[in-house]
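Take a first walk through this structure, chain by chain.

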Amino acid sequence: MNSLVFEIAHMLAASLVLISFVQLYQDRLYALLNTFALHSLALACSVAWQAYIQDAPHLYVTAAIALVFKAIVIPVVLHRIIQRLKIHREIETVVGIGLTMLAGIALVALSMVVMLRVTGGADPLARQDLAFALAVILLGLLLMVSRRNAVGQVVGFMSLENGLVLAATGAKGMPLVVEISVAFSILIAFIVIGIFLFRIRERFDTVDMQVLDRYRGERL
Amino acid sequence: MPDPVALVLLIPIGAAALLAVLPGYRLTSRLSVLASLLTLVAASSLFVVERSGPGRYLFVDDLNIVFIVLNTFVAFTTSIFSATYISHELESGKLTLNYLRFYHAMYQVLIFAMNLALVANNIGLIWVAIELATLTTVLMVGIYRTHEALEAAWKYFILGSVGIALALFGTILVYMAARPVIGEGSDAMIWTVLIEHVAAFDSSLLNVAFVFLLLGYGTKVGLAPLHAWLPDAHAEGPTPISAVLSGLLLNVALYALLRFKMLLAGNEGAIAPGPMLVTMGLTSLIFASFMLYRRADVKRLFAYSSIEHMGIMAFAFGLGGPLANFAGLLHMVMHSLTKSAIFFAVGHIAQVKGSQKIADIGGLTVTHPWLGWGLVLGVVAIAGLPPLGIFMSEFLIVSSTIAREPLLAIPLVLGLMVAFGALLMRLNGLAFGEPRGSSAPANASYVPMFAHLVLVCVAGVYLPAPLVAWFRHVASLLG
Amino acid sequence: MALTVDFLVQGLQMALVLVAAPLLTGFVRKVRARLQRRRGPSLLQPYRDLYRLLRKEVVLAESASWLFRASPYLIFAFTWVAASLVPTFATGLVFSWTADLIAIVALLGSARFFLALAGLDVGTSFGGIGSSREAMIASLAEPAMLLIVFPLALVAGSTQLSTVAAFMASPQAGLSVSVGLALVAFIMVAIAENARIPVDNPATHLELTMVHEAMVLEYSGRHLAMIELAASMKLLLYASLLACLFAPWGLATSGMGAAAYAVGAASYVAKVTVIGILLAVFETAIAKMRVFRVPEFLGAALMLGLLATLFVFLSRSL
């Protein structure tokens with residue numbers, strides 16, 4: 001395989017991990033949304049490049065879905081939701097940003113060690129894609145866990161989905177079922193999130209999850 | 001003669017489409033019951049009709065045939081139950097007519113999704129079906145729109161989605177392991193093809209895949225420590241949904257795990273999934289049985305009981321061996337029937353007494369004899385007393401443990417005893433003693449509850465031979 | 001004979017660094033002024049300032065100790081040595097076997113140590129503020145610098161500057177994510193170490209916003225001249241380091257002849273000019289950060305360095 005082609009794929013996937021870190025660093029809601037849009041853009045580029053390398057035209061569709069839905073539509077809609085609901089615009093974190101970043105680095109290291117050791121037989125492109133994909137998934141999970149704001153949790157979940165799309169494209173030849181399912185989950189998640197954000201705001205006048213936590217039935 | 005497998009799927013989804021547009025409450029509830037009955041008939045015909053070979057997307061084998069019939073049966077009885085339950089909710093104003101349409105349509109979609117997960121032959125399709133089922137239940141848990149309901153639904157959504165995402169990653173890894181052997185494309189995702197070639201897969205990749213699948217689908221099964229969504233979702237959603245969650249969805253998720261366990265069993269180099277399942281199972285069992293003591297809400301009590309039983313099942317499958325696997329499969333069926341019966345009773349009780357708190361409910365056998373004694377029978381069954389079905393499966397598990405890993409039998413029996421004590425203690429307060437709460441007559445349907453309980457009683461003493469044969473065959477495949 | 005020439009060349013480099021440093025400072029100031037639509041001071045103004053300071057009388061506080069008087073010389077010495085080790089127009093010079101990245105970090109660290117002590121020495125509160133802030137920045141910038149050295153050393157196979165420069169100039173290097181990340185991290189650390197915006201404003205008069213300036217508030221006369229020159233040389237050092245590590249094309253190797261040296265010198269001047277312009281543009285475009293945000297800024301640099309190291313391991317094992 002042409003080394004330059006490989007290097008570009010490597011760079012695009014690595015930029016996805018880097019943008020996940022930038023997401024972890026954000027403490028303001030609009031900045032988080034913009035970073036998420038950038039994240040999805042990087043995903044779209046990465047998937048499109050993979051489509052070019054693997055000569056798999058259906059992946060272009062996935063890239064287009066990622067670009068239109070996740071880089072444009074969803075950030076715009078979430079922007080409007082935040083404005084309409086007047087959600088408090090700073091996101092408090094559960095632990096300080098420094099500790100979160102360190103945890104993020106540990107997760108990236110872990111995912112690389114695990115995936116590289118395990119995928120010994122596959123071709124280098126797939127191996128690196130899976131390693132980076134797992135890193136993005138774990139960083140998305142960390143983002144969800146470390147934010148107290150419902151919108152922050154939702155963005156974390158969506159960047160987790162981005163990691164999954166990267167993994168699915170890395171697995172060459174995975175049939176359309178996965179693409180449909182991933183697109184489907186985007187749609188349904190979007191609808192459910194919309195309903196819930198409105199209902200939660202309506203009921204609680206806030207989307208701070210700690211307030212919600214008071215209504216947790218029965219402490220353990 | 002239309003293919004019963006296709007019918008099992010088409011009837012619910014068709015009914016859902018119809019129910020979404022029809023107005024009027026009585027018509028929709030009757031239609032829902034009718035659709036569930038037709039689905040049950042289609043599923044039962046699988047016992048008699050010649051089984052066709054595995055298709056690219058759907059198939060029927062010894063493992064899922066019982067579960068399809070069980071699924072459709074419990075769905076049918078639950079739809080009967082929910083007809084009376086929901087009418088009461090409508091009268092008391094907790095739900096409006098629009099939500100009712102939504103509820104019935106979503107219910108049929110849920111049945112469709114669960115059936116799809118059971119008959120799917122493509123691992124990606126299993127994933128899609130379970131995700132769809134999760135999403136529909138999330139929407140239904142939040143249907144009451146109270147503070148607690150929204151919190152429960154949001155928590156369920158977040159945790160469920162994370163679980164689903166991890167399960168998808170595991171699925172992708174299984175595909176990666178299969179691709180060098182089977183080739184690219186959808187062939188590498190068909191389960192029947194995978195099981196034939198699994199011995200040649202890369203073992204370490206399969207291991208990591210199984211870990212992710214265990215974490216992902218394990219969240220849906222409710223194994224500790226991934227169970228946090230379960231008690232709230234059971235307590236805050238409508239009771240038919242609690243019955244379906246406990247009785248059916250947890251089973252479907254465990255079924256998915258079993259399919260992957262069968263894959264791993266075929267590959268020698270792969271890590272034994274046993275120890276992982278055993279650990280998670282024991283943790284769930286011990287944790288849940290201790291939690292049973294301090295519960296103040298009756299639905300939450302039985303939610304923890306579900307966690308406990310799922311732990312027992314995971315333990316049994318983790319232990320492995322023909323006897324324990326057989327016992328695990330039997331336990332899945334028995335638990336499904338018993339738990340849903342209990343929730344049927346609890347639903348009506350909570351409606352009559354106007355509260356879900358244990359402190360507000362008492363002396364049921366005096367004020368509402370049918371409900372009270374039904375509950376007594378159900379709790380006695382779930383606690384594992386002979387001669388009911390669950391006793392048989394628990395006994396088999398314990399004896400298998402003592403024979404193979406005697407040390408593990410100690411925490412197992414301890415957990416069982418603790419749960420037994422807690423349940424009987426609570427039952428005492430609920431069913432006997434001074435009546436508390438209102439004594440108004442319950443407008444309830446007793447048939448579903450007692451139908452389940454009769455089946456459980458019968459299974460305690462006699463199991464039909466074909467059933468035993470199927471389970472034995474599957475137990476040997478599970479490794 | 002060849003040895004004498006080599007020593008001459010090395011001496012030339014040392015002199016070049018000494019003489020060119022104020023020019024770079026003046027150049028950056030001029031470009032900033034132009035960007036702000038001012039005419040700005042002349043390019044040679046820093047030389048005039050140094051000359052003026054050298055002729056002035058030293059005024060010492062009564063509480064100043066010997067450390068206060070010795071520090072400027074020590075700082076100047078450390079910085080000059082470090083600056084002359086970094087290849088400017090040629091690699092492989094006589095002293096280049098000592099030109100190790102870690103050695104340079106250590107030399108600069110020693111210089112900073114004495115500067116901080118001098119700030120504390122006189123006992124004024126502003127000196128104390130400056131020293132404590134400097135220590136805070138250092139505690140993050142130095143690990144970040146080392147974490148930048150790691151991936152470069154791993155990729156090139158050595159921490160010696162000549163080896164790294166030779167590797168990066170060769171076609172083996174190619175596009176590399178790790179090196180890109182290391183570059184970004186290096187720029188962030190360089191800004192922090194040289195006390196430029198957004199970490200510290202070199203032109204500020206407000207003591208409460210000072211970091212570097214606060215430590216040298218009490219200095220005057222030739223002491224101040226040495227410290228200013230040392231600061232200019234530090235800036236030139238980082239610019240040369242950036243040019244040699246990440247853009248080493250045009251560097252001559254020792255012994256190639258005067259023509260090669262001339263080409264090397266020309267490319268060096270071009271690179272430093274470009275870096276100076278970019279620095280001026282960056283400083284004009286961005287506002288100074290509040291002091292408590294500096295750890296986050298440097299933490300980001302640290303993290304980029306860590307990521308770069310991880311990615312090197314990833315590429316290695318693929």
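A residue is buried if 20 or more other C-beta atoms lie within 10 Å of its own, exposed if 12 or fewer, and partly exposed in between, with C-beta atoms placed from the backbone. Of the 220 residues of chain A, 48% count as buried. This is a predicted model: local features need pLDDT of at least 70, side-chain atom pairs count only at pLDDT 80 or more, and totals for chains, interfaces and linings use all residues. Residues are numbered from 1 along each chain as its sequence is written, while chains are lettered from A and ligands numbered from 1 in the order in which they are written.

Stay with chain A. It has eight helices and zero strands. Both are DSSP runs, numbered from the N terminus: helices are H or I with at least four residues, strands are E with at least two. Along the sequence the pattern reads α-α-α-α-α-α-α-α. Two residues are in contact if their C-beta atoms, placed from the backbone, lie within 7 Å. Among contacts in chain A between residues at least 6 apart in sequence, 70% join residues at least 24 apart.

Chain A also meets chain C. Here 14 residues of chain C are in contact with 20 residues of chain A. On the chain C side, helix H11 (residues 294–317) of chain C gives the largest share, 10 residues. That side divides into 10 nonpolar residues, three polar and one charged. Ala, Val, Leu, Ile, Met, Phe, Trp, Tyr, Cys and Pro count as nonpolar, Asp, Glu, Lys and Arg as charged, and the others, Gly among them, as polar.

Now turn to chain B. It holds 19 helices and zero strands. Of its 479 residues, 61% are buried. The C-alpha trace spans about 65 × 55 × 45 Å along its principal axes. Among contacts in chain B between residues at least 6 apart in sequence, 82% join residues at least 24 apart.

Finally, look at two helices of chain B. The axes of H4 (residues 97–119) of chain B and H10 (residues 239–265) of chain B come within 10 Å and cross at roughly 25 degrees. H4(B) is therefore roughly parallel to H10(B), a label for angles under 35 degrees. Which residues make the contact? H4(B) brings Leu110(B), Met114(B), Ala117(B) and Leu118(B). H10(B) brings Val244(B), Leu248(B), Leu249(B), Val252(B), Tyr255(B) and Ala256(B). The contact comprises 10 nonpolar residues, no polar and no charged.

Technical notes. Axes fitted to C-alpha atoms, helices over the stretch in contact; angles between N-to-C directions. Parallel < 35°, antiparallel > 145°, perpendicular 65-115°, else oblique.
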